[in-house]
Amino acid sequence: MNFQTLDLSAIDWARAQFALTAIYHWLFVPLTLGLGLIMSIMETKYYRTGDAFWRKTAQFWQRLFGINFAMGVATGIILEFEFGTNWSNYSWFVGDIFGAPLAIEGIVAFFMESTFIAVMYFGWNKVSRGFHLASTWLTTLGATFSAWWILVANAWMQYPVGATFDPDTVRNEMASFGSFLEVAFSPMAVVKFCHTVSSGWLTGAVVVVGISAWYLLRRREERFARSSMLVGSIFGLVACGAVMLTGDSSGVMVGKAQPMKLAAFEGLYEGSDQAPFTIVGDLKIPGMLTVLATHKLRGFVPGINDILEGGYTLPDSTKALSAEEKMSRGVVALDALTQYRLARSAGRTEKAAVMREKLEANLPYFGYGHILDKKDLVPPVPIVFWAFRVMVGLGSLFCLVFFLLVFLQYKKQLTRWPLLLKVTMWCIPLVYICSQAGWVCAEVGRQPWAIQDLLPVNAAVSALQSPAVRVTFFIFLCVFTLLLIAELRILFKVVRKGPQIEEEDKQNN
Amino acid sequence: MITYNFLQNYWWFIISLLGGLLVFLLFVQGGNSLYPILGRDEASRRMLINSTGRKWEFTFTTLVTFGGAFFASFPLFYSTSFGGAYWLWMLILLSFVLQAVSYEFQSKVGNVLGRRGYRILLIANGFMGPFLLGVAVATFFTGADFTVNKLRLGDVTNPVVSTWGSAWHGLEALANLWNVALGLAVYHLARVLALQYFINNVRDNEVEARSRHLLKFDTVLFLAFFLAFAGRLFTMTGQAVEHWGHVTEEPLKYLNNLLQQPFVLVLFLAGVLLVLFGTLRSIFSKTFRRGIWFSGAGTVLTVTAMFLLAGWHNTCFYPSTADLRSSLYLYNSCASAPTLQVMSVVSLLIPFVLAYIFYCWRAIDRKPITREELESGEHQY
């Protein structure tokens with residue numbers, strides 16, 4: 001096999017495989033986060049009132065949680081190992097920083113989830129009510145902790161703080177305990193966690209109110225449906241507020257750390273001091289993008305061409321470099337690294353010192369050395385532009401729906417609005433589209449970077465030939481699609497059967 | 001004094017311990033491979049599936065944590081082995097992916113593949129999981145065909161640091177009989193553990209009688225393959241690291257490692273004796289149900305000791321058969337000192353995690369599984 005040059009299509013297949021597995025994984029995780037909290041609230045209600053109705057209600061949602069959870073687990077394991085299998089260079093280059101959150105996720109979060117979920121399902125007749133309630137909350141908490149650590153890892157790829165490049169080991173390293181804290185609590189990680197987890201809550205709430213609406217329309221399981229609708233819609237309204245607030249902070253953060261991504265969100269080629277926000281086509285709100293991205297009335301938001309050509313003033317008052325300049329400095333950095341290592345192994349310490357200095361001077365542009373064409377620095381704009389609009393548009397729809405649901409329940413008029421109940425049901429598939437669109441913005445928008453400015457995907461990949469990755473891509477596509485169909489059918493059957501609380505009560509009486 | 005060297009050895013110990021726990025927890029896979037033979041009717045099959053079904057997530061989580069801990073503490077192994085032995089790892093993962101849904105889905109209405117379909121996937125995982133993991137672990141001693149060259153990162157046309165020599169990308173490990181021997185040893189060990197776990201966890205005369213009967217055969221097969229591999233291990237040449245990272249071949253390296261490290265020797269012997277005690281007593285005594293406690297603990301100790309033989313005492317834990325300079329040992333593959341320090345602080349949580357797992361297992365297993373218990377449970381597979 002020829003390893004002299006990298007198989008370029010293998011890079012695209014590796015990207016496709018990662019995207020596929022991440023998309024599938026994200027079909028299950030948000031519901032785990034959202035439904036977890038809702039079922040915990042319902043079980044708390046049972047603990048406090050002792051009313052068996054709430055126990056059965058919690059158990060019904062826990063049944064759905066379990067089916068969904070199994071799929072989340074199945075699709076998640078691949079993602080972790082894919083960093084090694086398909087992104088071998090990445091794993092070495094940043095494993096020193098990136099591996100830690102993943103290991104902590106395993107030790108702290110996954111064991112918590114998998115231990116207490118077993119008590120939640122099999123402990124009803126075996127442990128006290130208090131212990132059971134604690135187990136349900138700990139399952140949800142474990143899932144949320146897990147989200148924290150994996151999002152710390154993801155945020156670091158978008159905003160690599162706390163890392164020091166060591167030319168002797170040829171990788172990025174943590175310099176001290178302080179740099180770990182910098183990674184674990186970076187502003188990008190905090191914003192990403194809050195936005196992602198609250199979007200998970202929103203998903204859980206939409207699924208709960210959507211299923212409740214289906215029962216209400218059929219006049220089935222009325223007490224169950226009304227109670228779930230009430231809990232779900234209040235929770236959903238809160239989640240909507242959290243998603244909007246954290247979405248706003250995400251925008252500001254992206255503007256600071258990943259200006260190219262922000263420009264792609266907006267399809268903005270030429271920047272300005274009062275950049276407009278495009279709704280669709282020529283429908284624009286003047287100056288709005290500047291306000292959203294900088295929280296000021298005037299502030300320069302660079303467009304794609306500005307970022308490629310440079311020359312505008314950065315927030316730290318320096319002039320932005322052009323893409324060509326960054327690329328040539330990157331090439332200097334790569335060459336200095338090679339020269340440094342050769343000089344060191346030959347024992348030429350003086351030359352090594354000179355080369356090290358040269359490397360350090362050009363280090364911020366290290367990743368640009370692997371960029372072959374400046375056009376590669378622009379992500380696929382149409383995909384990102386439309387994904388952003390789908391996310392924001394659908395998010396606004398959910399806010400409206402939750403507001404109406406809460407308002408009409410307050411007025412005790414909900415069942416008089418069957419159209420709203422139907423829309424609520426249809427929100428279930430839409431919330432998944434919305435959520436996936438969010439990740440498309442985040443991940444497609446940062447291409448070509450595996451790690452922002454440090455390592456593009458073409459330098460992050462494993463030395464595999466494309467047929468191998470193509471085969472595993474199609475294996476995962478078939479397996480996950482088949483399992484998704486099975487999961488949906490099982491869920492539909494469980495929902496159709498319903499919790500049967502009233503029927504059981506009648507039989508018992 | 002906590003030195004960088006100490007941290008490397010400490011983290012290799014954690015990896016070894018997680019490896020030991022993982023192999024013990026493969027009793028779930030052992031059970032998956034056994035239930036059609038052990039359970040004659042649907043009721044007893046359901047008991048068996050529910051018995052391991054309450055534990056599968058621990059095996060899965062331990063596998064994930066094992067991977068995560070390896071990534072964080074020895075990233076060069078992670079990037080070299082996973083990216084190189086691609087097919088071997090992918091097959092292992094795929095078998096676990098399919099298993100993860102099979103417990104939950106197999107008894108549900110509308111599951112598309114039918115009960116039989118998911119149970120076939122469980123059986124497949126029951127064989128492939130332990131066997132392929134055993135083969136992968138054997139390469140820690142027998143080595144693999146790879147090269148590592150960090151200089152490549154400066155080369156725009158071919159920047160990948162770790163490259164694999166064989167176009168089979170990991171499947172070539174199956175052509176080495178000693179790898180296969182360890183794979184089969186782990187597979188039969190998983191079954192030996194599963195049988196003792198069922199004797200302890202399921203109260204059913206028929207299941208118990210058949211478990212004790214089958215245990216004889218699996219024990220003989222396990223011992224045959226294990227002894228064959230151990231015989232090879234303690235007579236083979238290994239790779240040793242001298243000062244300044246110079247790697248040389250050393251005859252009887254692993255035997256020397258065993259004899260020169262009393263702690264590992266005691267761990268290894270105690271582990272083997274515990275496994276033998278638990279298993280043989282389960283075979284010969286009709287009332288002894290606690291075999292799994294001894295065999296389980298013995299498995300953790302033995303496997304931990306074997307990992308320590310691979311990595312401690314200036315040994316290459318991932319020998320390259322292509323180029324001695326590329327072989328991986330603790331110093332050249334580990335994470336930086338600050339990362340290992342942070343991770344060491346986190347590792348202090350491990351005893352706490354083990355304690356709550358133990359407490360919760362006791363709570364769930366207070367009542368053994370019987371036909372009646374299964375009917376009264378709120379959640380069943």
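Predicted model: local features only at pLDDT ≥ 70, side-chain atom pairs only at ≥ 80, totals over all residues.
Trainee: Which residues of H5(B) does H2(A) meet?

Mentor: On the side of H2(A), the residues are A:Glu80, A:Phe81, A:Phe83, A:Gly84 and A:Thr85. By class, this contact has four nonpolar, four polar and one charged residues.

Trainee: What area is buried between chain B and chain A?

Mentor: The contact involves 83 residues of chain B and 94 residues of chain A. Carbon and sulfur atoms give 76% of the buried area. B:Phe71, B:Tyr86 and B:Leu153 supply 8% of what chain B buries against chain A, more than any other three residues. The area buried between the two chains is about 7900 Å².

Trainee: Which element gives the largest share of the side of chain B that touches chain A?

Mentor: Several elements of chain B give two or more residues to this side, including H4 (56-73), H5, H6 (86-106) and strand E2 (162-164). By class, the side has 51 nonpolar, 22 polar and ten charged residues. The largest share is 14 residues, and it comes from H4(B).

Trainee: How many salt bridges does the rule find across the interface of chain B and chain A?

Mentor: Over all chains, the search of the whole structure finds 23 salt bridges. Across this interface, the rule finds 14 residue pairs in polar contact. The number of salt bridges found across the interface is zero.

Trainee: How many residues apart in sequence are the parts that A:Arg389 and A:Glu266 tie together?

Mentor: The side chains of A:Arg389 and A:Glu266 meet in a salt bridge, at 2.9 Å from N to O. A:Arg389 lies in helix H13 (residues 381-410) of chain A and A:Glu266 in helix H8 (residues 259-266) of chain A, so the pair ties together parts whose separation in sequence is 123 residues.

Trainee: Where is A:Pro448 found?

Mentor: A cis peptide bond joins A:Gln447 and A:Pro448, with omega about 10 degrees. A:Pro448 is in chain A, in the loop between helix H14 (418-444) and strand E5 (449-451).

Terms used:
Residues numbered from 1 in each chain as written. Chains lettered and ligands numbered in written order. Heavy atoms only, no water. Contact = heavy atoms within 4.5 Å. Helix = DSSP H or I, 4+ residues; strand = E, 2+ residues; numbered from the N terminus. Nonpolar A, V, L, I, M, F, W, Y, C, P; charged D, E, K, R; others polar. Buried area = accessible area lost by both parts, 1.4 Å probe. Salt bridge = Lys/Arg side-chain N within 4 Å of Asp/Glu carboxyl O. Polar contact = N/O pair within 3.5 Å; in protein donor to acceptor, adjacent residues only side chain to side chain.
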